[in-house]
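Hi,

Here is the structure I said I'd pass on.

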Amino acid sequence: MEVNIDASEVKRLAELLEQSPGVIEAAKKEAIAAAAPKLKAAVDQAIGGSGKVRSWQGQSIGSKGLYAAVRPKKDTWTEKTKKKGHQYAVGYVTNAIDSGHRFPAPSGRKHYKPRIRSRAMTVKGRRFYQQAQARTGQVAQEAAEQIVQTVMEHLDG
């Protein structure tokens, strides 16, 4: 009686494991690219409204493909205002909407004393990025599951 071990399966598994770092890296990039539109949808839902501020948001993926973010688009400007004709960067306006801002006291009357108490002359922020951040855990979980699935398919190969 004789017992033999077929080394071809062990060799095949060793080759698959050697290729795994590249497969994992590609799977991470693919999963993050798939997560970016989901993050944009979460921010859009948190913003709500008619769509102007939503159209100012853009999804971006890191240069090495290892992160995804939603932020105001670069080199994009608002329309000129009727009164003074100024244009503002959409990031500036988005930050004011998200974080809140002050508004000027009414003027034009001599010795005006506003009845508004301090801190009441501010617009509260909408905090839509913070609301969307609460939903990113689910998106990250889906991305991790996608990476695991890709690696398992590679090893079953």
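Predicted model: local features only at pLDDT ≥ 70, side-chain atom pairs only at ≥ 80, totals over all residues.

Let's start with a helix pair: α1 (residues 7–47) packs against α5 (residues 136–156) at an angle of about 150 degrees, and their axes are 8 Å apart. The axes are lines fitted to C-alpha atoms, for helices over the stretch in contact, and the angles run from 0 to 180 degrees between N-to-C directions. So α1 is roughly antiparallel to α5 (angles under 35 degrees count as roughly parallel, over 145 as roughly antiparallel, 65 to 115 as roughly perpendicular and the rest as oblique).

Residues are numbered from 1 along each chain as its sequence is written, and side-chain values use heavy atoms, with hydrogens and water left out.

As for the overall layout, the chain has 5 helices and 4 strands, in the order α-α-β-β-α-β-β-α-α along the sequence. Helices (H or I, at least four residues) and strands (E, at least two) are DSSP runs, numbered from the N terminus. Of the 157 residues in the chain, 21% are buried (buried is under 20% relative accessible area, exposed over 50%, partly exposed in between, with a 1.4 Å probe and protein chains only).

On to the strands: β1 (residues 57–61) and β2 (residues 68–72) run antiparallel and are joined by 5 bridges; two strands pair if DSSP finds at least two bridges between them. S60 sits opposite A69 in β2. The two strands β1 and β2 make a hairpin with 6 residues between them, and G65 in the turn has a positive phi of about 75 degrees.

Which residues have a positive phi although they are not glycines? One is D75, at about 50 degrees, in the loop between β2 and α3 (90–99); D75 is exposed, at 73% relative accessible area. Another is R127, at about 55 degrees, in the loop between β4 (122–124) and α4 (128–133). R127 is partly exposed, at 40%.

The search for aromatic pairs gave 2 in the whole structure. Rings of Phe, Tyr and Trp (its six-membered ring) pair if their centres lie within 6.5 Å; planes under 30 degrees apart count as stacked, over 60 as edge-to-face and the rest as tilted. Y88 and Y92 are stacked, with 5.9 Å centre to centre and 20 degrees between the planes. Y88 is partly exposed at 34%, and Y92 is exposed at 59%. F128 and Y129 form a tilted pair, with 5.0 Å centre to centre and 55 degrees between the planes. Here F128 is buried at 1%, whereas Y129 is partly exposed at 24%.

Finally, back to α1, where D44 is found. D44 is buried, with a relative accessible area of 18%.

Cheers
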